[in-house]
Amino acid sequence: MKRMGRRRSSVWDCFEQVNNNFVRCMKCDATLKYCGGATSSMINHMSRHHPSTAPLTSDEDEKPVICNVTVQCAEEESTANSDIMQVAIMSPNMNMTTNLPEREYGERKRLKRSSVWDIFIKVDDEVHCTMCDTKLKYRSSTTSMMYHIKNKHQDTMPNDGVPLAAQAEVTELISRMIEKDMLPISVISGDGFRELLAYTVQNYKMPSVGDITRLIEGHFHEKVEELVAQLGRVEKVALTADFWTALPFQRYITVFCSFITEEWQGRSAVLQTHKLPSDSHTTAGSVTERLLKTVQTWAIGGKVTACVHNNTQGILSAHACARVTWDYATCFATTLQLAVSDGLSEDLVRIIVAAGKLVKHFNHNLLASEALAQKQVQMCLPQHKLIQSSKARWDTICDMFERLLEQRWAIKAVLSDRTTTNRQEAQILEIEDDCWQIIENFTPVLATLKWATTVISAETEVSISNIYPITFSLIQTHLVPKENDVEQVSEFKLKVQKSLRNHMEVDSNDLASKPALIASMLDPRHKHLSFLTPTGRLAAKVKLHELVSRLDVMTTTVGTKDEQQEILVTPDISQVAMPSQLRSDTKNTMMLLLGDNYSSSYATDSEAQVDYYLRDIAPSLDINPLDWWRVNGPRFPKLATLARHYLCVPGVSLPSLLSEAGQTFATMRTRLSPEHVDMMIFVNRNA
């Protein structure tokens, strides 16, 4: 009894005994099982986790005279060197009692620190691999499990520095980063990226390109299954063919689809991306074949209402292939871009070039840039940088002109200051007063055209129904020359007006058959078609009746239950015994004569349904038409079906030319290599 407190092993310089069953490391607060006076587990702990202070020898300790050695204790002592002995990391402030409850002791015993338990689970006297369902015998040793992982799942070998769960989580985040930012998968092979990971996640095992590819492929197949299920529940979809080019000279076509759900929510998704031949001219047949292949792959044949594209070479047309059952429509943003290009005269181009040189000077000359900033402060002007226009986007011309007009006098002050700008340089850069007048007169016209494209490009709302109301508004109002317009601006308006008439076919006899005009009629905000002539409105109304009648024929062929319910049946009152109290009740008598649903017969008659819809009060312009149809769809069931068919068609190709998100996406796409480009775009846009 006297020797109980006497311990000769140097390991006790680092451990203290908590009670008869546990000891605690004073360096890391790890709690180890202690029984019978053996110090092997403590020495092993010091060697593994604190090698700099580990005892040189494992001296034979003088064991206490009194020791309650049980069979269970002896078994645990035999496995003292295993990781299982380190049952928990105890808090320094945690008090441990001498007699632990049996349940708590069992839970502590079951805690296993080896990372193999992130893959294996224990079932009775076996362990099951969660990755391949292999079953192994378990006898308190993890050797067989480690051997199995090393041979069968080498890519997921546990790392002593990073738990396997954390390793998998970091790898998953890397794959998500590549998907969201549209990065090449080879980015993980970069030295800088590896240095970053090595610094932030110590001992992290870098995945291979194949590992990341398999993860992205897994995400791809998951999203494919989700989209297939969604498309199986919708009646009609609209396609969008987005033509784009990556460097160097790699041409692609990305096929999107848009649809309206049963809850009247607009949705869009990427279907496929095809690489186009770059060594020869792409024909309408080759592009159409790719569209048909996409339709077949996704099993949406017969569901396509229209296909919107941004191709400016005219290789797509409604007569490109006899197997095509949908209409083609050009992206409105592309059409407007062509119209603006047609309207730019030589004088306007010269002014745009001169303005670009002026902006470039201030953006690249440090002295001029600093002087402009000082003048902005002195003149109490907004401290904005000048905007450089881009040849690929006409809307940036509007942005450049607006910023130049805002900073006009500050710019003039800098150019007239000889300490900042010499005379020769100023003469080259200075814009003449008549050119400033043209810019001031020209900018509002460009701003109107830009806003028109912005409205059509809104991806969160219905856009196709706005195309013709906006087009006619531009032609009939905003592009009509005014008395105070300068000659160059008047000429621009007339040219753009003519170009829009040609590209949008506003004078065509077949205008009523255009999907965009049909969508305008099915949009309760534009159904009155006030922008058309009386003859045009009549033709559009006839077309709507024709579509509803065609829908009736299809419904009758299928023999739906709804069609059977639409037959107005008048009850035979000769076999109805009228009570005496009803004879004087005119209202109830009329109900017996004409039927209960007489007053609402417009909802069951196709022609009357169209007429009543057109006579109904139009909502305000700030109403979302899908919200309106969600509420009023039961009143006009056939028209609601048509609304789903046509309002799902986008007004622009996705992403649109002027959309900020579209520009970002287009820039990211050019970084992709042809390999896996379809998969990467799919998981990025369908996230």
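Two strands pair if DSSP finds at least two bridges between them. The model is predicted.

**Overall architecture**

The chain folds into 26 helices and 12 strands. Of its 687 residues, 45% are buried. Among contacts with a separation of 6 or more, 65% join residues 24 or more positions apart. The accessible surface is about 37200 Å². Carbon and sulfur atoms hold 52% of that surface.

**Strand E8 and its partners**

Strand E8 spans residues 237–246. The strand is mostly covered, with 9 of its 10 residues buried. Strand E11, residues 304–309, pairs with E8 in the parallel sense. Here valine 237 stands opposite valine 304 of E11. Strand E9, residues 250–260, pairs with E8 in the antiparallel sense. In that pairing, leucine 239 has cysteine 257 of E9 as its bridge partner.

| Partner of E8 | Sense | Bridges |
|---|---|---|
| E11 (residues 304–309) | parallel | 4 bridges |
| E9 (residues 250–260) | antiparallel | 9 bridges |

In a regular strand, side chains alternate between the two faces of the sheet.

**Cysteines**

How many disulfides does the chain have? The count is 0 disulfides, where a disulfide needs a pair of cysteine sulfur atoms within 2.5 Å.

Is cysteine 331 buried or exposed? Its relative accessible area is 0%. Buried means under 20%, so cysteine 331 is buried. Cysteine 380 has a relative accessible area of 69%. The cut-off for exposed is over 50%, so cysteine 380 is exposed.

Definitions and conventions: Residues are numbered from 1 along each chain as its sequence is written. This is a predicted model: local features need pLDDT of at least 70, side-chain atom pairs count only at pLDDT 80 or more; totals for chains, interfaces and linings use all residues. Side-chain values use heavy atoms; hydrogens and water are left out. Helices (H or I, at least four residues) and strands (E, at least two) are DSSP runs, numbered from the N terminus. Buried means under 20% relative accessible area, exposed over 50%, partly exposed in between (1.4 Å probe, protein chains only). Contact means heavy atoms within 4.5 Å. Accessible areas come from the Shrake-Rupley method with a 1.4 Å probe; for residues, only the protein chains shown count as cover.
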